[in-house]
Structures are given as C-alpha cells and as structure tokens.
Amino acid sequence: MVRNKFVHRFLGRAQKPSCIKELLSPNLNEGICFIYSSNCDSVERKNDYQGKNRGLSRREPLKGSIQEPDLKAKRNHGRVTYKIIKKSASPPSDAVRGLKKTASLETVNDEYVDTTSDEKRVNALGIQMLSRSLYRQIFGNGEPKPTSEQITRAKKNLQSHGLLDKPTSTVQDISSLALPVLRGGTIESHFQEIGEEQAGPYRLLLQKLVSSTLPSPPQEWSRLTGWTRYGPNGARERVDFPDEDSLVFDVEVCRAVGEVPTLATAVSPTHWYSWVCHWLAEDGGDGDPGPPRDGRPITLEELIPLESAVTDSSHKQSNRVRIVVAHHASYDRARVREQYWPQGTGLRFFDTLSTHVCIGGVSSYQRAILSADERRRKSSRVKGSGSSDDSVPSEVELDDNAWREVASLNSLAEAHRLHCGRPGLDKKSRDAFSPESPPSEILTRFQELMAYCSNDTKATHELLCALIPQFLERFPHPVTLAGMLELGTARLPVPLSVWNQYLMEASQVHDELESDLKLKLIRKANEACRQVEIDSLGYQKDLWMWDQDWSTQNLTPKRGIPSKARVKDPPKKPVSEFKNFLSVEENEDLSEEEMRLSLKFWDLVESSKNLPARRPHMPGYPKWYRQLCPKPPTSDEDDEWVPEPTLLTANARVASKLFQLCWEKYPLHYIQGHGWGVLVPGRPLPDDFDPGSLKEPQPPLKELVNFCPVPDSIKSSFENIGVNITPMQVQGMVEEYMSISEWVRRKKSRVKDVNKTPHWYEGSGRLCADVDIPGVWFCRLPHRDGPGKRVGNPLAKDFLEAASDATLSSGDLSEGPSAAGSALTIGKMVSYWRNNRDRIGSQLVVRLPSKGKVSTAMSDDAVILPQVIVCGTLTRRAVEPTWMTASNAERDRIGSELRGMVRPSKFRECMVGADVDSQELWIAALLGDAADSSSDFKDGKWENSGLHGGTPLGWRTLQGRKSDGTDMHSATAAAVGCSRDQAKVLNYARIYGAGRRFATRLLQRFNPNLTDLEASKKADIMMALTKGKRNRKVMKTDEHEQPEYEEEFVWEGGSESAMFNALEKVARMPQPVTPFLKARLSRALEPERVGSRFLPTRVNWVVQSGAVDFLHLLLVAMRSLSPGVPPSSSTSSYLRSKFDVRFALSFHDEVRYLVPLAGRYEAALRLHVAHLMVRAFCAHQSGLGDLPMSVAFFSGVSVDGVMRKEPDDECITPSNPHGLNRGHGVPPGESLDIYTALDKVQGRYTLAPVQKVNMSKLKKTRITN
C-alpha cells in the first residue's frame, strides 16, 4: 500500500507543495486534481483538448519544478491533470495503479477513500449499497449500523414471504466518479443551499411585489401600438417594454383572429402599462385584422416584448432576474416574444393558479360539489336577485361544509372570491373576445375591454398577496419554488416543415380510413335494405335486423289523376322541350340517342306533375334506412346529393348490427337501459303464455338455435320444424332433452329458473333477468368497469383485444370473421387523431427569424411553448393537455408519432433525458423500509429507521427479478392468475389507494369470464398477500406515571403492510407533509376539516406528491450542475456550449433537456449524478442514511435527436409508415448507462467552467485504507 499520499482539490488560491510551485497560473479557470508525495521523481500529465482524450502523453523527469501547462491547453480550457508518482525501485503496484484512476476526478469531498481498497459494500441483507467512495462523498465517514433487532425483524419479514434465501444481484461498483462538493457538508444542506440560490432572488421579488401598493389604473387607455407606460396625473409615455423587475401581467386574445395577442395590461409597484396589437392601434390599423391567417406561421413581431425592443437581437439578452405573475401563466407566457429566444433569459413566470392548487386543491368528489355551487350561484344571479351573494346554500352533507370554506375551483374569479373575500369578478366583457364576436367589436368597446383586462391584472395581484404568505409557510423548502419556476420554462423546438408535413399526412390518412370505413358501412346498409326486394318478410329471419323499424312511407299521387296512364304512341313534343329537359343549349342539336331516350321516358317525366307538393322523404324505404340518409336540399345549389345512408358512422347503433357482430358466437342485441348483450335461446316460458298476444317483433328462434353454439341434441330437434316455430315449441324442445330430475326441479321453480341461464351456456355475458324476450335470455356484454356498467358501443377501442382473439367476430360469412376486427382496427387507428387533432392543430407554433434576428429572412426553426400548469392537480402534478398526455408511437394509431416531431437542429443541439425507473414504487417501498422497524415518527420523518430492502416490498423493488418471479409484479400475477402487465396495473392501483372493490373490477376487466364470486375471491387472495390484514393495536402516547393509550389499526402479514402503515401514518398526521421537502397537503383535505374521510386520496397524495418533490429535486440538481454561462462571460464558446443546457419538458417521471451537441455526453453524466444525489437525499430524509446501488443511477439516459420515448424507436405509425430514419433522416439515438457515460467522457466532467478559481483555499484529505 502506498502511504503518505494526499489528494488535493484546488478550489482557490492556496499554498502549493514545493514540487509543483509553478504548476498553476492565477488565470486558469479549471480545477486540477493532484496526487503527490514529498519524495517525487516524475510526473504524468494528461491533457484534454476540446473534450478529446489524448491519453497519457509522456513521463517527464522532475528537475526542481514542474512546467506550467502548455498554452494550447489553457486557451482551449482543457483540463490538465498531473500525476506525481513516488520514487520506487520496483514497478508501480496495483495500489498505485488504483490511485492513478483517481487523478481524473475533478472534485472530491472533504472525506475521500482509497480506491484500491474493497469498494463493494453490502448491507445485512446482502443488498449491494453505494461504493465506499460514493458513500463517503455523500453521507460522510460514519456508515449506518442497524441494530440486531432491526436485522432480525427484517430477516423475519423476508423469510415469511420466501425471500430470505433468494440470491441477490450485484453491479459493477463506481469508484472513479467525483461528485460536486456538498454545500454545508451534508446532502440535506446542499439541496437547501442550491434551492435557495436558484429560488431566493425570485422569492425576494415576489415578497417585494406583495408588500407594495399598486398605483391607480389610468382613466383612459392609449391606443398606440405596443407598450405605453402610465405615470401620475394622467401622464403617459411610449416605451419598448416594461423595464421592471417584477410585473403582474394579463393578456387577452381575439379568438376570431387567431391565437396571437390582441391587448395586454401589466402593473408594477410604480407604473401601469398597456400593450395594443397593430391592427387595433390608432397608428397602425382600423380594427381590421386583415385576411385570414390560412396556416401562416406566427412570427416574433406579432408577440409581446417584455425584455427587448423590436430591433434587438436575441443575443443581447441578459440573465437579469425578473419575475412575471399571471393566472394560468403558461397561456400568457406563450405570447411573450423573448420566451422563444434560443438562449433563454433570466425572466421567470409565477403562476397564481398553480399556487392556489397547492394551497387549496380538491379531489374529484370535491370538485363536483364546488361545480354545483358555482352553477347555483350563476343561476341565482341570472334570475335577477340583484346581488352576487356567494353564500347560496348547497344541498350537500354537513361534513362538506368545513372544507368548502377553504376550497374553490381554479378560475381567477373563483380563486379571488375565496382568498380575497370579494364578490366574484365580472366576466361578461370576455364575450367580446370569443370566436363568434367580430374583431371590430373590440375596437368599439376598446376602453371597456382595457378596463376589463386591467381588473383581471389587479385581481391577480390581490390573489398573489393572499397566496404568497400561505405558500411560503406551507412549502418551506426553496427547492419547491425553484422546481416550479424551472417547470415553467418548458420549450419544444419543431422544424416548421416537419410540423406541417406531420399535420398534413396525419389528416390525410385519417380521412382516407374514415372514408373507407364509411363506404363499408354504406354498402352493408344497402345490402340489408335490399332484403325486402327478395322477400318482403325476409328481415324477420335476420338475427340482427329483426328488431329494426321496417315500416315504409308510400307516395300518393294527386287526386283526380289516374295513377297509371297507358299511352300507345309517345306524344309529339317540340324539340325545344326536350332540349330544356336535358339542359341542352338552343344552338346545339340533340343526338339520335338523346332523342330516342327522351321519347321513351317522356311519359315518366310527365307523370312527375302528379306528385304532391310535399313529398315524403325517400318513400318505399324502411324507416331505419331513411334515418341514415340526409334529406335532399331545398335548392338546386347542391347537385351532389344522392339518396344513400351517408349519415351512418361506426358510432351509430345500427352499425354493429350491419356488421352482424357476435360475442362468443352469439348474435349481439341492444336493449335500451341495458346496453349491448347477446341472445341465448332456451328460456322457459310461463304456463299461460299466449304467442298471439305478442305485438313487439320477436327474434327468429329457429335461425337463432341453428346459429348459436347450443347442444347438438337441441339443434336436431329443429330439423322437422316449420319456419313459424313458436317460443312454446322452443321451450318444449329444450325440456325434452333435460333429465327427469332437472325437468321436475324446473317445473317446481319455474319463476326462479327464468332468471338462470342453461347449464350448457358457458359465455361471459351477464344475465339480465328483468328483460322479457320470450324464448331467449338476454345476457349483457362484460364492461371494463365492472358488471354494473352498460356497453354503449361494441365497436369501441376497448373491444379491440376481443376482436383479435375472435371473441368478438362477424357472423357474415361473405366478409369473414375478421370484418368486426377490421372495423375495430380502423376505429382504433383513427381514434387518437380524431380525439387530439384539434388540440394538436391549435398549437402556438412560432417561427424564428434567421440567425436569431427579427428580419424578413425566416428560418425553418420554430418553437412551441407547452401550456403547462406546473401544479395542476391535488398532488401538485404538472398538467398539460397535449404533450404530457401524448401517446407513445404505436403502429395502429394515426398521429401518435407526435413526440418524434420535436427535434432541435441536428447540427447544433440534441435532446438528453431519462425516465426515472419505478419512481413511485420506489418511494412507497422506501417509506415502508424506513418505517417498519422505527417507532420514532416526528415531523414526517422516521428516526433510527431500518434497512433498505428490510420489507418484502422493498426487497422486491431493489432485488426482484422477472426471470425468477421474485419481482413485485410477477408475484402478484402468480397469485391471482393474470399477466404481468395486468398485475402491474393492479399493484399501482393498490398503491394509489384502491381497495378490494376496485381490484375486483380490474380482474373482471382483464378476464370477462370471471364471475363476481371468482373475481372477489381472487381480489381477497391478492389483498391478503400484499396488503395483509387490518388489526387493532394499542399504542402508548404518554410516558408519565399515568400513561395514556390510544388505539390504531395497522396492516400486518402482507408483503406491503409496512408500506401502507407508513403511508397511512403520514396521511393521518394533523398536518400531513411529504417526507422529502415537507410540502403540506391541501387545506381542503387536512384532517382538521375532513376528519378521517378521503383516506385513500390522502394515501395517494403521499406517494404522488412525494414524486413531485423528486421531480423538483431533480430539476434543481441538474440546474446546479449545468448553471449556464452568462452572456457577459469571456468563457470560450466551446465550454459555453457545454453548459448551455435548457429544460425542454417533463412527463411526470421523465425529463428532457436541450443540449448542444458538443456537451451531450457530459450532460448525460450530469443527469446521472443529479439522479444519484436526489435518490440519496430522499433516502436521507426518510431516515435511511444509505442508498442501494441498484437505484443510484438511471438505467439509461437517452441522447437523441428527437423527443421519442426510446432512442431506438422508429415511431412507425399509419401516418409515418417509413419511420424516422428512412422517412425523416433521423438516425437512432443512444442510451447511456452510468458506465457508458463515464466511458464517453473518459471519466471526467466539468461542473462550473466560469467559476473564478479562488486560490486562497486548498482542501486536503488523507487517503485511508
């Protein structure tokens, strides 16, 4: 072992060892790592020029000093690492070689570890933990030592579920990775400080804005183009933009013109501002916005400047800290010019809507109650009560009154009413901006609408003043605010030509498939209608169309005129009348064929004079067919009308009958109030049944028995039966083949047996006993949401799987059994685009100028700012209607390649991102492991907690493998007999608070053949295996002479019992907080106001809101590792490009960043490091001072040219059949695990290239064994 070695990290100017006095230049901006001893004879130098590894260049003898790094390395800011090797007579040992590896580290902590020692660490359960070097950099020197009781309890937990003796997996240790120096010395203080660094300046601006008194708005608003600033005494001044540090902002958009802004108001502590678009201004237009946009892209000139003049270049912006407050801020941000600049700015948007949701968010049940209250208030005002009294009573339970006092819906009017105690805002003027109102109305009502906009701005400020103190109290950690501000900077680059091509091709393919499906339906309808031509009563034998209305309307000619007049010789009419009838010009001659046909059919033309003035619609056609045909136009303008069922769609009820759909080979039938089901023949009839008394259409029983899969003995009895078989005969034949005992039993309990299907029916239909169709049972189709729900359309996408395995098929032999599958497949292919086309097509796509300048030269680059509400749900999840709900690319979904259309310039940038593996499952398992052996629960944290993997759920999350069935999902699948994917749905639903009833419904959805009893038993087995049983436990609450006790119910015996006990303990706190950032639950759900109600919702909140904390931590950690380079810095463009990392979008547990190509691999490594630090912080906050190696890093960080789910996904869809590589020239991306990322950057990365090196400090750490 090499002794007396030291690792030095030069963080600033310091005393240098004598052997390297000349090593550092005061102007060098790089940190350098040394290994030296006082007895040196040589040094190795390793240069890194512009990220290219040149290897170990040479070994130089020491001659009193070491020469300064060469100028080329300094000029390119390449890191120069010197390795000073101790003089030795023998070759360097393995220990020395191990030390050489550490020389590539740039940063180390105060405590470090000798990498030549055994790095592998395992806990008492054999689970691999962080390597010693990583552990000491994060958690310090003292390793956690669980007590013997904790170890015994953990082993007992695992043994009870057969996991104790299972082998554990290991991965390669990471020993040569240096982490950022922890600020404050601990992981907890580190995130506190970096969060404060990022959020502190903006929080101070918000507090200053809240403490300020706003000036009075002007009495009259200016109509000058652009911005106008208003001073005291009516003074006004035209300005380029509001040059203020903090603003409250509101934008109004004339929807009849498009999505570009029309007018806006803003207010600061000193001035009011107004902005007017060019077509509305008195110096630019007359209220006429001009011709329609017709797909013309939006340009920067049409947007509102907040940081620059019109002539400014995007390169002139600074990182000046500024804050803009708005309600639903992403809507206003999307109309601000500088937010589209490629480099971004220091301005951030603060959303009062998201803040209101954090403080007073509600569950779905509560939202329904509040919506009813709002409708009731509006109704009372409309009825002319003359007041806007908000205290209108609501017919709700008394228990709801307490939380209704502190909750409201999310609109500005409702939030302002709740928090400010004022009557609701007057929103009547908003109608002027609706698509139905002409743009000229805005000019007519200009002063009124500007006052309306300014009132919203003022109300937003008042709402901010009420929210900020509560927000800072309830969300004390600065990372929460910093994460929300970072989420508000989302941007998505899209090439304009690619975007337009995507919209065009998706629409074309959608229209073609819709047309194909419609033509199939029309053909089927025409074929069904022709049955009456062959046999007037043939429809009565049709197993599907027998219950349709086949009545017709006759055409009655005028009275007094014979209905048929035979003319022996055709009348001699003038040629002019023939020409007029055939619409031939007078100067043209009729051909012989035209004359012949005119003479032949002239009597038919003449008979049209006998038709009545008011003719019935399509006489002679059945009523069901007529209802599918549009009526002829009243004028001759529409000459394309044809009498066909063009109104028929796949959603029409008759469509399933025209396709002759069957479920398990039984024909489908629809009954109002029961939905779709199947007809099963053989239902017994009452003794007094009279077939002649039937007035309603009856199913064709003989054809039904022959078609359905009934026993052959029953079918044979119909061979000699006539066509007009009666229901009584069907009953007799069924009873003929029953046993004597069965016949006696049925006779004794005829009424009871009416409600039972025959023993030979083994289908999944649910019997509807109250449906009385003589001779048949009606069994309702299984619904995905349980037996109590009705199926409204068997051609919906939920039945696609049933069509693929022929459970749902077509009885039309000419079409084949795949006809239903074809219709369902087309329906699924078009459904995504049909449901999302309007949202996708209405995206605000802003075209950027060429070379970043506002000029007439436009590039193909465009940007979309997603409409993200950074905290949009009760759990503070970010929501966005298009991009966050975008489907992954599927081969049978038109337009599902949407995410692949987001792509930065392939010559300048790429996208780097990752998906957090099993994020919420790990959080739940972590809390279970922490709480299982700890009874000290204070302030949402467990003290002296247990072991990672100390519970069955924790072990399966960390070590479970699909191959041997030890992972959580495989264990559940084996217990209940379902697939692993289905078990995954069951598991997450349970973690989110779903109980036994919901599990039963899910099991029946997965397997429609399960009866209620069977599904219930499987759910009971699963709940006992996972959640366990709920038992009463007496807890001591006071240690005095007279201790107090309280009872609580705990889960025991299940693999997830500890986890549910932990989640419920947090949920039952008087003031529930998340375990990581101590974010409080919404006031509307705190036990103070709801008692023990909504417990599943609160349990769900603990997990999902904890995941939101995780996301905020990850965003803040990544920003601290990639802080960006100020424009004023003299840093080289190469290093600047490495750190110009910008947030693109987050998909709940995914993050994506826009990264320069030169820095893509370093950004991937930084993302790995950020993930490691966040996991370590969460484990520390839970009371577990360690971290398993299996969850320390991302399984893969994608480095890709587009924003697809997986970097190798071709995104092949019906609208993108050639994929991204062949169709768009986008090659596959890369997925880098931590080892590959380290190889890509040769084990080195830079943390802060522009940070000035302070040479007054030198950190020295002795290397120990």
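**View 1. Helix H36 is mostly covered, with 24 of its 27 residues buried.** Keep in mind that what you're looking at is a predicted model. From its first C-alpha to its last, H36 reaches 39 Å, close to the 39 Å expected at 1.5 Å a residue. This helix takes in residues 1095-1121 and lies across strands E30 and E31, running at about 15° to E31.

**View 2. Here's an open sheet built from 5 strands.** Read across it and you get the order E30-E31-E25-E32-E33, with antiparallel pairing. Which strands sit at the edges? They're E30 (1142-1146) and E33 (1230-1232), and each of these pairs on one side only. On average, neighbouring strands in this sheet are turned by 25° against each other, ignoring direction.

**View 3. Zoom in on E25 and E32, two strands that run antiparallel.** Look for Ala914: standing opposite, in E32, is Val1197. Helix H38 (residues 1160-1181) lies across both of these strands as well as E31 and E33, and it runs at about 20° to E25.

**View 4. Now for the largest nonpolar core, a set of 276 residues.** The members that touch the most others are Leu130, Leu177, Trp227, Phe249, Trp499 and Trp624. Which helix gives the most to this core? That's H36, with 15 residues. Another core, of 15 residues, lies apart from this one, and its members include Ala973, Ala989, Ala994 and Ala999. As a rule, nonpolar side chains in soluble globular proteins tend to be buried together.

Methods:
Residues numbered from 1 in each chain as written. Predicted model: local features only at pLDDT ≥ 70, side-chain atom pairs only at ≥ 80, totals over all residues. Heavy atoms only, no water. Pairing = 2+ DSSP bridges. Helix = DSSP H or I, 4+ residues; strand = E, 2+ residues; numbered from the N terminus. Axes fitted to C-alpha atoms, helices over the stretch in contact; angles between N-to-C directions. Contact = heavy atoms within 4.5 Å. Expected span 1.5 Å × (residues − 1). Buried < 20%, exposed > 50% of the residue type's maximum accessible area, 1.4 Å probe, protein only. Core = buried A, V, L, I, M, F, W, Y, C linked by side-chain atoms within 4.5 Å.
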